[in-house]
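Hello,

Here is the structure we talked about handing over. My notes on it follow below.

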Amino acid sequence: MTGPLVPFREIVLKVHSRCDLACDHCYVYEAGDQTWREQPRAVSDHVIAHTARRLAEHAEKHRLPSVSVILHGGEPLLAGPARLRRVCEELTAAVTPVTALDLRIHTNGVLLGPPYLDLFEEFGVQVGISLDGDRAANDRHRRFADGRSSHPQVLAAVELLQQPRYRPLFLGLLCTVDLANDPVAVHDALVELDPPRIDYLLPHATWAAPPARPGDAPAPYADWLLAAFDRWDERGRTVPVRLFDSVLSTLHGGPSLTESLGLAPADIVVVETDGSLEQVDSLKTAYEGAAATGFSVFRDDFDAVAAHPGVRARQRGLAGVGEQCRRCPVVRSCGGGHYTHRYSAEGGFDNPSVYCPDLMALVHGIEARTPAPELPDAEQLAASALELNRLLLARLHGVLDGRGGPAWARIWELTTSLDGPGLDAALATPYTRGWLLDALAALDQGRPDAGATARRLAAYTVAAAVRDGAPLTLPVPWSDGRLHLPTLGELRLAGPGTAGTAEVSVRSHGFSVRNAHAEHRVPRPDRPTPDWRPLTRVDGLVVDDLDPYRDCFGTPLPPRLDPREAQEWGRRVARARARLAGAVPPWPPPGPLTTLTPLAGGTAPVVGRHGFGALGLPLGLTDRALDAALLRGGRAATLRALLDVADPYDMDGAWRHPSPWGPLPVSRLLAATYEGVAVAAHEGDAGTLAELGPALDSLERAAELTVTGRRLVQTLRQEWEEASRAREHR
């Protein structure tokens, strides 16, 4: 495998190799790999010291912001408080000067008492406890070698962790699923203990040693987990459940939250008690030596393990799963399942999970139980776009505060004093986004221009004051002979290429501008004067050929239009909107389209790098071309606005899907289909409607789609079906 190494962010340190329980489902002692017999019982001082040094070197080399170390076994508490103190001291001393250290321990809880908890409190060691439910469920597997129950001791350990002093140490409960146990009873017993988190774990199994599947149910583990999910949901999801939260996260476009699901690269290395470095130790379920790498903390650094073929095979994302999994619509959520569970004697790990039917049923079951979110309407998209602009402006101020000089501080003070509807209207203009992003990029690249940033903010502040009728006097710089006020228009002060500063005074809803040469009065900003040109507004749309930041479409802009030309062009667009609204079925451009900027050439609409609602439209289009451009552009503007606030898909570019336009990544396929359905419906084009059917089929099978994306595709399917029926009745 090529590509950079994925550094390890999680280290499992085996501090003891034996256990005080005899759990018959344990992958360490009951599976095919019996190499534990060759390990020293407890980790030595030399292994501890070398592990701490290797981890510090690894974190420093890769500039890791934090690393986790999980103290494990066997049963780690068998190492005793003194040995565990040595582990904590060595790791803390070596690692904390380099990066943040997150210490954890996974234990069966039998030996947990105040001496251990006082030590863990001192070093911030969080405690995860294995517990399979109520006493009947836990006793099915988690017993002492003589058959005694471990349940009372585990409950006593949990009770200690519930004390206010120790509660911050409580990491959660780990429960291995057993079909013989009642899922609702198990879930209720775990929730009753008020853990910070519950982890449901499928028992480790492979195709060579498959899991028990009693009865005829095709996916009994999914049935068990979905029964627990329903109980969790019914009780208000009061305790996080990592498996369920992970599926919900990936369904909404987020990351996987567990190693056993999802396509995130593996970043765990195991240090055995003798210092040998191994892959994740659940691989011991597969065969003897499956986890071995041949490396040791005494000879090798962690990068050597990261380069091991077995480790790299688990870092390939989609390419690391088999062909069957790559074609599966739930692979983004299940990730092909736990790597160990794919093993077979014939195919190695190049198989679907032995739990494949269960994982598919689980993901589909949770998706079916998760109400698809309503797609945001135009008002919600506008509110989200404004909020994003406000956040960007706040970030800009956070960077400039104290560095922008008195000009920025004064203008910022005035801006915040005017916070209200007028400022909202000014900041909501589509080209605000480009200004803010450019200013932040300049700051990030070490080339800040606080003066230019302050000039632009001053223009917004004046525009807000004019809109609110708030008295204000402010010096505002101007350039290229013009003073531009966002949402209002521009004032010609001198010839092209000239620049300066003018004093702007706002009174009621008018304003005056005084510079070195003259004073200009604009009593009504919506009406022109010899020097003042307001923005052109037609049929609820703004024709903006004035904003200095409108040059964001990647295509040439024409000179400013004559006001009469702008009005005529706006009227042509209004007539096109009326034609679209009068069509059967009606296909008006959706609400996000608010601002049109004329382009000098081309035939296609352009959605540029800007904010909510702006569209570049070529001048000189025929009526039919203008209709199609407005349809496509309106849809593109809608999709752009949706992408600002939601995640319709994940992992764009990783996969390509068949379509009428050739194999496409899901982003382009969705955009082309979203626009194509509207245009084909308006034009009644039977051929285009027919070819869009397979495109919708591809989208419905696309694993990258989140629940929001699937809702969008459902809406598209309904539109396509409506258009197809209308075409048949013509």
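**Ala502 and the strands around it**

Ala502 belongs to strand β13, which covers residues 500–507. Please keep in mind throughout that this is a predicted model. The relative accessible area of Ala502 is 1%, so the residue is buried. Beyond its neighbours within four places in sequence, Ala502 is in contact with Leu474, Pro475, Val476, Trp478, Leu493, Val513, Arg514 and Asn515. From Ala502 to Ala518 there are 16 residues in sequence, and their C-alpha atoms are 9.9 Å apart in space.

Strand β13 is part of an open sheet of 4 strands, ordered β10-β13-β14-β15, with antiparallel pairing. At the edges of this sheet are β10 (472–478) and β15 (519–522), each of which pairs on one side only. From one strand to the next, the twist averages 20 degrees. Strand β14 (residues 510–514) runs antiparallel to β15 and is joined to β15 by 4 bridges. Phe511 has Val522 in β15 as its bridge partner.

**The mixed sheet and its helix**

Another open sheet, with the order β17-β18-β19-β20, has 4 strands and mixed pairing. Its edge strands are β17 (536–538) and β20 (614–618), each pairing on one side only. With direction ignored, neighbouring strands here are turned by 30 degrees against each other on average. The pairing of β19 (residues 595–599) with β20 is parallel and runs over 5 bridges. Within that pair, Thr597 stands opposite Gly616 of β20. Helix α19 (residues 563–581) packs on this sheet and touches β17, β18 (541–543), β19 and β20. The direction of α19 makes about 25 degrees with that of β17.

**Helix α15**

Helix α15 (residues 405–417) consists of 13 residues. From first C-alpha to last, α15 reaches 19 Å, close to the 18 Å expected at 1.5 Å a residue. Which residues of α15 are buried? They are Trp408, Ile411, Trp412, Leu414 and Thr415. These residues cover an arc of only 165 degrees around the axis, and therefore lie on the same side of α15. On the face turned away from that buried side are the exposed residues Pro406, Glu413 and Ser417.

As background, nonpolar side chains in soluble globular proteins tend to be buried together. In this model the largest nonpolar core has 96 residues, and the members that touch the most others are Leu84, Leu112, Phe120, Tyr200 and Phe244. The element that gives the most to this core is helix α7 (residues 220–234), with 8 residues. Not counting residues up to four places away in sequence, Phe120 touches Leu77, Leu84, Ile105, Leu112, Val125, Val127 and Leu169. Another core, of 45 residues, lies apart from the largest one; among its members are Leu418, Leu457, Ala465 and Ala470.

Is Thr51 buried or exposed? Its relative accessibility is 2%, under the 20% limit, so Thr51 counts as buried. Thr51 is located in helix α1 (residues 45–61). Leaving out residues up to four places away in sequence, Thr51 touches Leu13, Val271, Val297 and Phe302.

**Backbone points to look at**

- Gly74 lies in the loop between β2 (66–72) and α2 (80–95).
- Asp194: although this residue is not a glycine, its phi is positive, at about 50 degrees. Asp194 sits in the loop between α6 (183–192) and β6 (198–201). Its relative accessibility is 43%, so Asp194 counts as partly exposed.
- Thr487: phi is near 75 degrees, again a positive value in a residue other than glycine. Thr487 is in the loop between β11 (482–485) and β12 (489–492). With a relative accessibility of 9%, Thr487 counts as buried.

Regards

Notes:
Residues numbered from 1 in each chain as written. Predicted model: local features only at pLDDT ≥ 70, side-chain atom pairs only at ≥ 80, totals over all residues. Heavy atoms only, no water. Helix = DSSP H or I, 4+ residues; strand = E, 2+ residues; numbered from the N terminus. Buried < 20%, exposed > 50% of the residue type's maximum accessible area, 1.4 Å probe, protein only. Contact = heavy atoms within 4.5 Å. Pairing = 2+ DSSP bridges. Axes fitted to C-alpha atoms, helices over the stretch in contact; angles between N-to-C directions. Expected span 1.5 Å × (residues − 1). Arc of directions from axis to C-beta. Core = buried A, V, L, I, M, F, W, Y, C linked by side-chain atoms within 4.5 Å.
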